[in-house]
Structure formats: C-alpha cells, structure tokens
Amino acid sequence: MKIAYFDCPTGISGDMTVAALLDAGACREELEYILRQLPLAGWQMQISRVDKQGLAAMKVDFICPEENDHRHLGDIRKLILAAGLPLPVEEFAVNAFEDLARAEAAVHGCPVDDIHFHEVGAMDAILDITAAAAALHLLAIEQVYASPLPLGSGFVNCAHGCLPAPAPAVLRLLEDMPVRPDPPGVSGELVTPTGAAILGRALGKNKGCQPGHFTLKNCGFGAGKRDLPVPNLLRVLIGEEGQEEAQVELLQTWIDDASPELLADFSPKALEAGALDVALSPLLMKKGRLGAELTVLVPAGESGRFAQLIFAATTASGLRIIPARRLTLSRCSRKVVTAYGPVSVKINGQGADATIAPEYESCRQAAKAADVPLKAVYQAAIAAYLSRR
C-alpha cells in the first residue's frame, strides 16, 4: 500500500502541501491540466526553488485576480462539481470545503449553508485544496499519516478581525489530531485553515495514528511563506507499506439439528456484533444427515464473546477455536453517478490489479427504481468508475 507521511515541524498550509507533493513526484503538467478544468479564469501557478536556512525546497504560489464577492459552500460545491474532475479529486475537494463549513458554522453558531467563506473561499484557496487533492491522486496515495502539529501562538488578522492563533475554526478542524508545543522561538499562525482541512480530509480515520514499518521511496519539501528561526518546511515522505496483517481467530462448528432459517438468521447478527466474516457450508454428516459447517472469523481475543453468541443463537454444543493470521488488501468505497442514479463501488487493491465491485444493495435499489435489470446497473457503475479514475 502506498502511503504519505506528513512531517509538520513548523505546521502546514495549503501551498506548502501542494509544493511538497510536487517535490515528491506529482506531475506538474497533469496537476495543472486538472486545475484548468475548474471554471476559474485569470490565475497562474508559479513554482520555484527556494532556500530555507540552507535547505532547498519547492515553493508554489497561485497568482489570482482580485475578487470582491464572497462565496457560500453551495457556490464552491457547484464550481467543483461543474469541472468534471477525476472522481477522487472531486470528492476530496468538496468534502474538504464541507469540513471547513462545518467548522465555521460551529464557531459562529449558524447553519452550514449560511456560512460566508472569506479567505478560504477565495480563488487561491480553492486552487490550493483542489491541487492538493489532485497531487495525492496523481501519486496514487492510499493512506496518509502525519506528525503532531504545532498549534501556533499570538494573533492572526482575518475577515473577522484579530483572532488568537490558531483561529477558532482551525481548532475545530484539528479535533482528534495530535498537537504539540511550538518550536522554540516560533510564534504566529502555523496551521492555516486550508492546511488543516486538507490534512484532516487526507487522514480520514487515521487521525492520531502513526504508520508501521514502511519502505521509503521518495520525499518532498514544501516551503512556507514566512522565514522562521528554524527552516519553515513541510516534509512529505512517500513509502510502501506491505499488505495489512492481523491476528484473528476462526470459530468452527458442525451442526445437523438446526433449520436453515435459524442459521441464516445468525449470520447478520454476528456481523453486527463485529465478526470479520461468517460462512456456512453444507455437510453430509453421520447417518446420512444433512448438516452445515458454521465458520466465524473474529479479531484475536474475541473468541469467548462470539462463542457465547453462537451457543445462544444456534444448536451448537461445541466449537473449534483456531488462531490464524489474516492478510488483507487495501479497500475503499466510492460513489459514482450512473444513468440509473448514484451507486456505491468497492475497490480492493490498487493500480492495474485492483478489483472493482459494485455494491449489491446499492445496485439493487437503483435497478428497482429504474425498472432495469440488475446487470445493467452493475455494468453502468463499473463504466462510470473507470471513466472518472
């Protein structure tokens, strides 16, 4: 699995993120091609190499025309959705702005749709967030981790006046992320709203998690605008993690005196209780009786709890408990738009070897609503995913 580790000794901003990912190998031409799909005119992307206290780094600036109007979340959502961006880029950018809107709404105590985006609704902020999403997509990053973030101190000037750093909305965006004191002699705004939104969205459920052993393949250095007593750099480390391995336990039993309905009822209950998988296999048992083998895969240490569940819900009188190792491919879910409506698609693995599997229930509902064969929705979902990848 391809990962990116964000090392943030002096914080993070949108432009630092884009610069570090470009320095780590994201293709500038492809990234700019994606950005040009946005219905925004008159901007230029300037990329340069700079020196930060003896360390070379990449710097990115979006030069944009002056704007007077402030955008709402709905304006930005329409703008991004109208661009026809690759699906992962579109989803990332829209979700990042929704995260920003929720943070601002919580701070100001108003509905999300009433939020006026000031600095983060400007053209350069839209380009920063979309460019970061595009760079992660171009690098085929599957999982992101990050070091603890310095909070910053002092005050920051914004549309709402002079506010203590980090700004209140940034604090909301940093919830569930590890933070730490500022580097010695460093103060001011170290984590910007766009930087926090990008990193929070990239981390997803990995907030607070650190990577295991991985093979370092490349790295990139993104320069911040300010000169600090220490090098103002964001480092992104690109690496490869192996297949995810976990210790599990198999619970198995043979049952020849239970109705099929009883066993079928057990499977969803076990999955709801946290089982990793449940399987039933037909058996021909002693005296020619038809039976079934029930196998339940559970996390290590959970066999006792699931044994009680099996005894309570079935006619089993004994179990075999087998410790095992489990290897899994990376898995994610995407929503694609088809002629029959939105459909969820599962992606197992990565690259050319990835398996694309439309979600059965999602396809079944779409097929029923459109009065078409299930197969037609399956084919449309796969075609829609491939066309946006």
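Keep in mind that the model is predicted. Strand β18 (residues 341-348) pairs antiparallel with β17 and also with β19. A search of the whole structure turns up 14 salt bridges, and a few of them are picked out below.

**Strands around β18**
- β18 is mostly covered, with six of its eight residues buried.
- On one side of the story is β17 (residues 331-338), joined to β18 by eight bridges; the two form a hairpin with two residues between them.
- Within that pairing, Cys332 has Ile347 of β18 as its bridge partner.

**Salt bridges between elements**
- Lys52 and Asp227 meet through their side chains at 2.9 Å, N to O. Lys52 sits in strand β2 and Asp227 in the loop between β11 and β12, so this pair ties together parts that are 175 residues apart in sequence.
- Lys52 counts as buried at 7% relative accessibility, while Asp227 counts as exposed at 66%.
- Glu98 and Arg77 make a salt bridge at 3.1 Å, N to O. Glu98 belongs to helix α4 and Arg77 to helix α3, so parts 21 residues apart in sequence get tied together.
- Glu98 is buried at 17%, and Arg77 is partly exposed at 27%.

**Within a helix, and a network**
- Glu361 and Arg364 form a salt bridge, with their closest N and O atoms 2.9 Å apart. They're three residues apart in helix α10, about one helical turn.
- Asp99, Arg102 and Arg201 are linked in a salt-bridge network.

Terms used:
Residues are numbered from 1 along each chain as its sequence is written. This is a predicted model: local features need pLDDT of at least 70, side-chain atom pairs count only at pLDDT 80 or more; totals for chains, interfaces and linings use all residues. Side-chain values use heavy atoms; hydrogens and water are left out. Buried means under 20% relative accessible area, exposed over 50%, partly exposed in between (1.4 Å probe, protein chains only). Helices (H or I, at least four residues) and strands (E, at least two) are DSSP runs, numbered from the N terminus. Two strands pair if DSSP finds at least two bridges between them. A salt bridge is a side-chain nitrogen of Lys or Arg within 4 Å of a carboxyl oxygen of Asp or Glu.
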